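Please read the points below alongside the sequence and the structure, which are shown first. They are set out by topic, one paragraph to each.

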Amino acid sequence: MFGVGFFLALAFALFAVGAFGVLTRRDPLVMFMCIEMMFNSGNLALVALSRYLGLASGHALVFFVVAVAAAEVAVGLGIIIAIFRTEKDVNVDHLSELKG
Amino acid sequence: MGLREVLLAVFAFGALAFALAVVSTRNTVYAALEFVAHLLCLAALYCLLDAPLLGVLQVMVYAGAIMVLFLFAVMMLDIQETGRESAFQGPGQVAGALLLAALLFALLVFGADRFPAAALAPAAAPGAPGVGADNVVRVARALFERGALVFEAVGVLLLTAVVAVMVMAKRRLEN
Amino acid sequence: MAFTVTVMGLLIFAAAVAANFAGMILTSTILGPKRRNSVKDQPFECGSLPVGPTHTRFHIRFYLTAILFLIFDIEVVFLYPFITILRPELGVTGLWIMGAFLAVLVFGLAYEWRRGGMEWD
């Protein structure tokens, strides 16, 4: 039952849940967490396939993904905080500054 | 059903359940804590999937550092003002998003199913040590022998992140 | 595989603790009497009356410190697998690889220091 297919299905389900969260939530922080969830589902798929194929390079890839995610979170949260400082409002539906 | 299977089932269920909790909780702080639980479940899964180094990485970096950053951000944005009255989009959008997410899941499963099985054949001969044996050394080889250039690029990326955050936060400190 | 077996005990323990917590909270929610009044709903502040809201805003300096922590956390995480193969396999080349990485990160630290990101007033 717990073959590579199970973990791939779990990763796909987590990816779908994350996408659903990004589409439905209004709080930018929760949307950001959902994006992280999609990152993590990719990592889970990499780990499962690494084990199945007996290769360690997937693990190295996960290392890089986590490092990139850390940099992304640092800058992304900084941007959210900066927006909040100027707008006093973090409802994403009200952020129309960039509208053409 | 052995012990390992029971643990896999528990933590796989936990990962999915906490993920659903994150998207359905109104309070941002609760969502962040449920996300930590989700990440810990994933770390346990990594350990069970012969990736102990990644399990530790997940706990140290994701659950430890990244989520602390999230909680700081939650506390810096005054939660009481963040539009508590509507944590979700309208019902129409929620239904549409549900449909889209289901489609996405179906598409991924369909795509993985159509993937040629020959490309997914285990590379290691049966009986050869898997990823679990000497895990740290094997990951280190992949990281620093073949991935050395990527590793340096990650260093530059982290430098960029530090400078960017500094510029954004510093402007705030000055006024 | 050896690690998997070792860590299994820890994971069983974690699952058991989670089940125990959930069970205790659930049991006390079901069985316990619930008598709410306004005094009980107040936040407890060492017996004195609560002053001000509980949601206080943190200063952005904490965020800068946390960013520094995050960056160097990543660095340490990369150092650990590096050390395991430095002597037997990488040798001097490895020192150059890690030296360049560390130099880049120290440059970031120096920048933050120069711009006053570490001053606390």
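**Notes on the predicted model**

1. B:Asp50 sits in the loop that joins α2 (28-48) and α3 (52-76) of chain B, where helices (H or I, at least four residues) and strands (E, at least two) are DSSP runs numbered from the N terminus. The phi of B:Asp50 is near 65 degrees, which is a positive value in a residue other than glycine. Most residues other than glycine have a negative phi. B:Asp50 counts as buried because it has 22 C-beta neighbours inside 10 Å; a residue is called buried if 20 or more other C-beta atoms lie within 10 Å of its own, exposed if 12 or fewer, and partly exposed in between, with C-beta atoms placed from the backbone.

2. This is a predicted model, in which local features need pLDDT of at least 70 and side-chain atom pairs count only at pLDDT 80 or more, while totals for chains, interfaces and linings use all residues. Residues are numbered from 1 along each chain as its sequence is written, and chains are lettered from A and ligands numbered from 1 in the order in which they are written.

3. Chain B has six helices and zero strands, and along the sequence these follow the pattern α-α-α-α-α-α. Of its 175 residues, 38% count as buried. Among the contacts in chain B with a separation of 6 or more, 52% come from residues 24 or more positions apart, two residues being in contact if their C-beta atoms, placed from the backbone, lie within 7 Å.

4. For chain B the domain assignment gives domain 1 (1-80) and domain 2 (131-175), such bounds coming from an automatic or database domain assignment. The C-alpha centres of these two domains of chain B lie 22 Å apart. For chain C the assignment gives domain 1 (1-32) and domain 2 (58-121), and the centres of these domains of chain C, taken over C-alpha atoms, are separated by 36 Å.

5. In chain A, helix α1 (residues 4-24) and helix α2 (residues 28-53) pack at an angle of about 170 degrees, with their axes 8 Å apart; axes are lines fitted to C-alpha atoms, for helices over the stretch in contact, and angles run from 0 to 180 degrees between N-to-C directions. α1(A) and α2(A) are therefore roughly antiparallel to each other, the word applying to angles over 145 degrees. By class, the contact of α1(A) with α2(A) has 21 nonpolar, four polar and no charged residues, where Ala, Val, Leu, Ile, Met, Phe, Trp, Tyr, Cys and Pro count as nonpolar, Asp, Glu, Lys and Arg as charged, and the others, Gly among them, as polar.

Note on methods. Angles under 35 degrees count as roughly parallel, over 145 as roughly antiparallel, 65 to 115 as roughly perpendicular and the rest as oblique.
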